[in-house]
Amino acid sequence: MAKMAANGEKQQGHRPGIYKQKNKAHKNGRHRTKGEIERDNKGRVSVTALTKKQRKEQKKMDRRHKANQLRQNKKDMVLTEKRRLGSRDGPPHLVAVVSLHASVDAGAITKLLRGEDAGGIAHQERCVSGISDSFGMILPRFKQRFTFVSQSTADMHSLLDVAKIADSLVFVLDSTEAWDSYGEYCLSCLFAQGLPSHALVCQGVSDLPVKKRVESRRALSKITEIRFPDARLFPLDSEQDATLLLRHLGSQRQRKLGFRSRRSHLLAQHVTFTPNSPAEGTGGGPTGLGTLCVSGYVRGRPLRVDRLVHISGHGDFQLSQIDAPSDPLPLNLTTARPAKSSKTGDIDMMDGGEGEAPVRMLMKADPKSRESLQAEAEVDPMDGEQTWPTETELLEAEAARKNKRVMKVPKGTSDYQATWIVDEDEDENADTDEESSDNDDDDDMLDEAMEGEDEETNSQEPGSGCASEEEEDEEEEEEEEEVCATERTGADQRYDEHIDEAAEEEGLKRYREARANEMFPDEVDTPLDMAARIRFQRYRGLKSFRASPWDAMENLPLNYSRIFQFQSFDRTRRRILAEAAAEEEGAMVGWYVTLHIVDVPVSVMESVQSGRPLTLVSLLPHEQKMSVMHLLVRRHPSNTEPIKSKEELVFHCGFRRFRASPIFSQHTSADKHKMERFLGPDAPTVVSVYAPITFNPAGVLLFKQRNDGIQDLVATGSLLSCDPQRVVLKRIVLSGHPFKINRRSAVVRYMFFNRDDIMWFKPVELRTKWGRRGHIKEALGTHGHMKCVFDNQLRSQDTILMNLYKRVYPRWTYDPYVSLPLPWVKREITVEMDDLDME
């Protein structure tokens, strides 16, 4: 150090490197610091208003205890609901036995379960009205009671109705094939609707040799794991196997279905019908109306007498009163005794003691508080009449007129239509320099176009020799076909007898339309015998399908005056479902009650007497009113035929079943949605239809009825929303061909065929298949040729397109009465010719 000082050298300072930390500078000056704020306040503290309730800070142990309490409460709630099913405080465990193969016998399964060795000591034959193979039993060992129903799969409507009510399904499988093609079809419908708890049962395993039993069960499990990956397979050939199955059904976890757990529902066990007397108003005896008394166990939610009830397949009705008869299947084993069957097949309700107990009335409907059956709004024909404007409206209109932009529009164009018209001044100013150099070329191009048109007109005169030769060839081919047709065999004749020629022609027409729409989406031909401005007068152009405005309340059809609309469907749905979950009035779950349903047609009783089950569901508020419902569906893989928009289909939506003609549209998040002419095979599609309001969740099944009465599953999905203001736009595309091209200008023909049409559609923007955009500049001549200008060089192989849109609505063809389907037959013909007569 001394040496360095003596030499007079100064010590070199440290130079920071590139990795030196650089702290962020303090942002002073943008706002006052805390010190400045404290000095300005001089100790004063502003009063703060407490807008929310203060939450007391809990310790870690308290938060842990609270979480444990909530978890334990939910666990107790689930256990209580599980233990209530089949016990003294709940309804009997409803089990539906369904066979999925033609070779299995569901009656043998119910016979084993009905046996005394299975543990049941009290039985009731035909305990469900309309189903002959049904019985109730009490198991004292498990302290549970069951109701077994053997439902045939031939009637698809009855199968789906019973599956909506049943607590558990028992699928009877074949020991080798599991299920056949019709069983696969039934499983598709049940899975789409919502599958409750289920169990798989197979027969004939004990008849196999001991060495082959393990291989058979392993092969069967490999087949069933596709549909049921976690299900257990139960062999059922003895009474011991039946006991194991009953134990499994009583203790298995119940799958919760949202559309039925939020509504009270009931399966009819005893039904009587009393016709109205002529003195009871207009709905008396001559009209075939009466009072239907339905007895059964309340399930799901408590049942209120002032709510409407829906009978599946028959419509909505009102209740007059609810009675409480004696329980036909009491869990008091000391006094339980079998019931006697009546002449009509319905059971007689027996009490637990000696003699009949008097039937007491639980509640009676109040006409003032009872919900109305009004499904459609009252139409006021004077509602849309013009009234005299107020002074405020006149001042607003005058201010809007002064600020309005002046544009040149075609004659007859409204103010709203003028908002989507392109202003030509902007495009003309931008293209002045480039088009000025092309004027001479355009004149030459016009002359060449007129000459080319004359040459083509002369070359297309009728009566040419080529046409006559083609006609002669066609006549020869027809003669050859007729000769071949006379040499048909007997098998071909029998095959042709079962083919409907009208259906074949309709199917061919549908197939060609679907194929043309797939190859040329939404393209239509401009008519030659009608002006395009008249043929497409309801269509309009849009500058941008996504951004251009479209008034949802403009030019609504007359049917919209008959429907109801929510200000916020989601908010109303949450409120109604929360009120239904907290409902504690009415007939409680598990009670055996008798419902008195008024003004019911006699056809309901005839349906029960013919052997079909009767299911009821209590409707939530507003669910009887008509509106525009939107369903999100996806096409079923088994369906290959084209399904056209506005074609009549059969809907299964929740507990409802009806016929209607829907429209299809794309599932997007925009405010406008493009209509689809056919149901797409891959993408999800929104189906819009006039139907009663239903609060989701709810499963949806779409069927198409053939001409022979068989209903095919077309699509499956779920309920989306209820929104009459959902804008669905139908698009048509007019196409033209570039005749002469000069850089960015071109003469286009075949889009229109007269000058007035060109001037009418002149404001609409053009596009091409190769991505060019442009507009109509002027009309050339009187035969539909027009000069167009594009944003870039045009190719000769390109096609000019014009998009036009109009809003579409569903057809009002709602019908709650659906005809019964015939037994399902697979489309592929795999039988011999001799067996066709049997079908």
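Analyst: The dialogue below treats these features in turn. This is a predicted model, in which local features need pLDDT of at least 70 and side-chain atom pairs count only at pLDDT 80 or more, while totals for chains, interfaces and linings use all residues. Residues are numbered from 1 along each chain as its sequence is written, and side-chain values use heavy atoms, with hydrogens and water left out.

User: How many disulfides does a search of the whole structure find?

Analyst: A disulfide is a covalent bond between the sulfur atoms of two cysteines. The criterion here is a pair of cysteine sulfur atoms within 2.5 Å. The search of the whole structure finds 0 disulfides.

User: Which side chain meets Asp 161 in a salt bridge?

Analyst: A salt bridge is a side-chain nitrogen of Lys or Arg within 4 Å of a carboxyl oxygen of Asp or Glu. Asp 161 meets Arg 657, at 3.2 Å from N to O. The pair links distant parts of the chain, 496 residues apart: helix α5 (residues 156-165) holds Asp 161 and strand β19 (residues 656-661) holds Arg 657. Helices (H or I, at least four residues) and strands (E, at least two) are DSSP runs, numbered from the N terminus.

User: Is Asp 161 buried or exposed?

Analyst: Buried means under 20% relative accessible area, exposed over 50%, and partly exposed in between (1.4 Å probe, protein chains only). Asp 161 is buried because its relative accessible area is 5%; Arg 657, with 9%, is buried as well.

User: Where is Tyr 750 found?

Analyst: Tyr 750 is in the loop between β26 (745-749) and α21 (755-760). Tyr 750 is partly exposed, at 43% relative accessible area.
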